[in-house]
2 protein chains.
Amino acid sequence: MKIKFPDPTINNPKLSKPSEENSHGMLFENGLNISNEYYRIHDRAIIYKKPTPVQIVKVDYPTRSKARITEAYYRTPSTTDYNGIYRGKYIDFEAKETNNLSFSFTHIYSHQIDHLKEVAKHGGIGFIIIYYKKTGEVVLLDIGVFGELLSASESGGLKSIPVAVAKARGILVNLGYTPPIDYLRAVDQLYFKEKEPLT
Amino acid sequence: MKIKFPDPTINNPKLSKPSEENSHGMLFENGLNISNEYYRIHDRAIIYKKPTPVQIVKVDYPTRSKARITEAYYRTPSTTDYNGIYRGKYIDFEAKETNNLSFSFTHIYSHQIDHLKEVAKHGGIGFIIIYYKKTGEVVLLDIGVFGELLSASESGGLKSIPVAVAKARGILVNLGYTPPIDYLRAVDQLYFKEKEPLT
């Protein structure tokens, strides 16, 4: 099933950024944000996307109350995009999308992988969620499994994760409308060993 | 004991912002950031400050690789400043400072209080940490206690939290050098019922 979301291009200046963060990426991000809002409203979890880190260089004050930033730059995020609390546990993940049928390890920062490994070590839930645009599929991969695949790649294995491998080693995420990307159902299956999600 | 930290004014353009976020506030924030780094290095906790939310309006691309933001505005944060994982638990807090001997309830957004109450409801650790500059004291107040004081203020009680009340109802945070603001020791006492912190 293909993801269908409200058009996020309205009032979103980031869409003009000519990078990997194109409109499809924003659709995915938007779907995750709507899902998180759904989870919050239904009291399932409290998970937010962190703000995009920006280095502010110059600020004008046309009026005392309204500061206007006139020079700033995108910064590399220290950690991951999303974190929060679910079923009493700390949850932390990075969301990635790819135009290819295989997700290249070059598309994620190594310090983000290290961060997620630390989270798991401290007893939290850490994973990477990948949107394969070509097949319209979203897969959740535990950070431990992701780390194994990465280690294998470093000793001569695959330099990327084909969608079939992701589905075999991870959990396919249910896509729909309420919520659009039901990744907590996949979290239930993977970390709480349930066949059916909480309702 | 007064807090002494490295001077954060160097390379920090936010300091020119003429608001409550003055250099003392930055000293406090800097002390918390250094403490969090200390906790991470010593494998005690993984806690980060979230980036300041900025609404980006205009972006220039002098070169393909370097986007330059030319118009942006500070936004109201959706949640709190800090979150992460400590002793397997989700931890979330807001840091505030005051020039007065009493912390006014008008200095915190009600949606931030609601967020922290939600965190506690979901089994996480939620609190507010207040730096009383005049006395040089830092106090940690559980969100439940903070909520009680706020409710009392709404039914005719005090409109602010005097430092003496904060110390009586919360935990005084140890200040020093390693880490500068040892708030996890206070968390141990308050949420893990220990007299002595983990080492």
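These exercises walk through a predicted model with chains A and B.

Residues are numbered from 1 along each chain as its sequence is written, while chains are lettered from A and ligands numbered from 1 in the order in which they are written. As this is a predicted model, local features need pLDDT of at least 70, side-chain atom pairs count only at pLDDT 80 or more, and totals for chains, interfaces and linings use all residues.

**Exercise 1. Work out the strand order of the open six-stranded sheet in chain B, and find its edges.**

Step 1. Strands (E, at least two residues) and helices (H or I, at least four) are DSSP runs, numbered from the N terminus. Two strands pair if DSSP finds at least two bridges between them.

Step 2. Read the order. In chain B it is β1-β4-β5-β7-β8-β10, with mixed pairing.

Step 3. Find the edges. In chain B, β1 (45-49) and β10 (171-172) each pair on one side only.

Step 4. Look at one pair. β7 (residues 125-132) and β8 (residues 137-142) of chain B run antiparallel, joined by six bridges. Here I129(B) stands opposite L140(B) of β8(B).

**Exercise 2. Describe the side of chain B that touches chain A.**

Step 1. Count. Contact means C-beta atoms, placed from the backbone, within 7 Å. By this rule, 36 residues of chain B are in contact with 36 residues of chain A.

Step 2. Name the elements. In chain B, β1, β2 (54-60), β3 (68-74), β4 (82-86) and α2 (110-121) give two or more residues each. β3(B) gives the most, with seven residues.

Step 3. Sort by type. Ala, Val, Leu, Ile, Met, Phe, Trp, Tyr, Cys and Pro count as nonpolar, Asp, Glu, Lys and Arg as charged, and the others, Gly among them, as polar. This side of chain B has 19 nonpolar, 10 polar and seven charged residues.

Step 4. Check for pairing across the chains. Strand β3 (residues 68-74) of chain A pairs with β3(B) in the antiparallel sense, over two bridges. A72(A) has I69(B) as its bridge partner.

**Exercise 3. Decide whether R185(A) is buried, partly exposed or exposed.**

Step 1. Locate R185(A). Its place is in helix α5 (residues 183-191) of chain A.

Step 2. State the rule. With C-beta atoms placed from the backbone, a residue is buried if 20 or more others lie within 10 Å of its own, exposed if 12 or fewer, and partly exposed in between.

Step 3. Apply the rule. R185(A) has 19 C-beta neighbours inside 10 Å, so R185(A) counts as partly exposed.

How values were computed. Contact = placed C-beta atoms within 7 Å.
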